[in-house]
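Here are some notes from going through this one, point by point. Have the structure open while you read.

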Amino acid sequence: MKKNDYKLLGTILGIAVLLLLGRSLKEDGKANIIQVEVNGVLRGEYVLSEDREIDINGTNRLVIKNGKADVIDAKCPDKICVKQKPISKSGESIVCLPNKVIITVVEGKENELDAVVK
């Protein structure tokens with residue numbers, strides 16, 4: 001590799017690191033929300049900042065604690081949803097196919113007005 005190749009590689013890596021840091025440090029004041037769907041129907045939305053335990057349709061048990069959501073029990077043969085890691089970031093999900101349960105983290109909505117139209 002030549003000198004200019006190292007400069008280009010360093011620049012690309014530097015930009016990538018800055019983008020990752022900016023995304024991880026972004027604080028927009030929105031609380032993430034857990035959406036629980038059973039058989040394609042939205043059954044509930046829960047704020048990640050409130051600790052609670054939720055019974056989902058009598059088949060799965062969801063625990064929200066310390067800003068993370070985790071399935072701790074399921075009435076299905078393989079229990080893959082129980083083995084998944086807790087979720088907390090927008091876009092992450094836990095799926096239990098036998099029970100048709102999908103738990104997804106979505107960004108919260110701000111309660112402030114953007115504009116007023118007369």
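A word on terms before the points: a residue counts as exposed when its relative accessible area is over 50%, as buried when under 20%, and as partly exposed in between. Also keep in mind that this is a predicted model.

1. Overall layout. The protein has 2 helices and 7 strands. If you walk along the sequence, the elements come in the pattern α-β-β-β-β-β-α-β-β. Of its 118 residues, 25% count as buried. The exposed surface comes to about 8900 Å², and carbon and sulfur atoms supply 55% of that. As for contacts between residues at least 6 apart in sequence, 32% join residues at least 24 apart.

2. The four-stranded sheet. Here 4 strands make an open sheet, ordered β2-β1-β7-β6, with antiparallel pairing. The edges are taken by β2 (41-47) and β6 (93-96); each has a single partner strand, so one side of each is left without a neighbour in the sheet. On average, neighbouring strands of this sheet are turned by 15° against each other, ignoring direction. As a reminder, strands of a sheet pair through backbone hydrogen bonds, either parallel or antiparallel.

3. The β1-β2 pairing. Strand β1 covers residues 33-38 and runs antiparallel to β2, with 6 bridges joining the two.

4. The β3-β4 hairpin. Strands β3 (residues 52-56) and β4 (residues 60-65) are antiparallel and joined by 5 bridges. They form a hairpin with 3 residues between them, and Asn57 in the turn has a positive phi of about 60°.

5. How many salt bridges does the structure hold? The count is 3. Glu53, Asp55 and Arg61 are linked in a network of them. The side chains of Glu53 and Arg61 meet at 3.2 Å, N to O, while in the salt bridge between Asp55 and Arg61 the closest N and O atoms are 3.8 Å apart. Arg61 counts as partly exposed, with 28% relative accessibility. Asp55 is also in the partly exposed class, at 46%.

6. The Lys85-Glu92 pair. Another salt bridge joins Glu92 and Lys85, with 3.3 Å between the closest N and O atoms. Is Lys85 buried or exposed? Its relative accessibility is 56%, so Lys85 counts as exposed.

7. Pro86 and its contacts. Pro86 sits in the loop between α2 (80-83) and β6. Which residues does Pro86 touch, leaving aside its neighbours within four places in sequence? They are Lys68, Ala69 and Asp70. The C-alpha atoms of Pro86 and Asp70 are separated by 4.5 Å, although the two residues are 16 apart along the chain. With a relative accessible area of 35%, Pro86 is partly exposed.

8. A nonpolar patch. Met1, Tyr6, Leu9 and Leu13 make a nonpolar surface patch of about 470 Å². Leu9 is placed in helix α1 (residues 3-25). With 42% relative accessible area, Leu9 is partly exposed.

9. Lys79 is not a glycine, yet it has a positive phi of about 55°. You will find Lys79 in the loop between β5 (68-74) and α2, and it is partly exposed at 31% relative accessible area. Lys100 likewise has a positive phi of about 55° without being a glycine. Lys100 belongs to the loop between β6 and β7 (101-106), and its relative accessible area of 49% makes it partly exposed.

How values were computed. Residues are numbered from 1 along each chain as its sequence is written. This is a predicted model: local features need pLDDT of at least 70, side-chain atom pairs count only at pLDDT 80 or more; totals for chains, interfaces and linings use all residues. Side-chain values use heavy atoms; hydrogens and water are left out. Two strands pair if DSSP finds at least two bridges between them. Axes are lines fitted to C-alpha atoms, for helices over the stretch in contact, and angles run from 0 to 180 degrees between N-to-C directions. Buried means under 20% relative accessible area, exposed over 50%, partly exposed in between (1.4 Å probe, protein chains only). Contact means heavy atoms within 4.5 Å. Accessible areas come from the Shrake-Rupley method with a 1.4 Å probe; for residues, only the protein chains shown count as cover. Patches are made of residues with over 30% relative accessible area and no salt bridge: like charges are joined within 9 Å, nonpolar side chains (Val, Leu, Ile, Met, Phe, Trp, Tyr) within 5 Å. A salt bridge is a side-chain nitrogen of Lys or Arg within 4 Å of a carboxyl oxygen of Asp or Glu.
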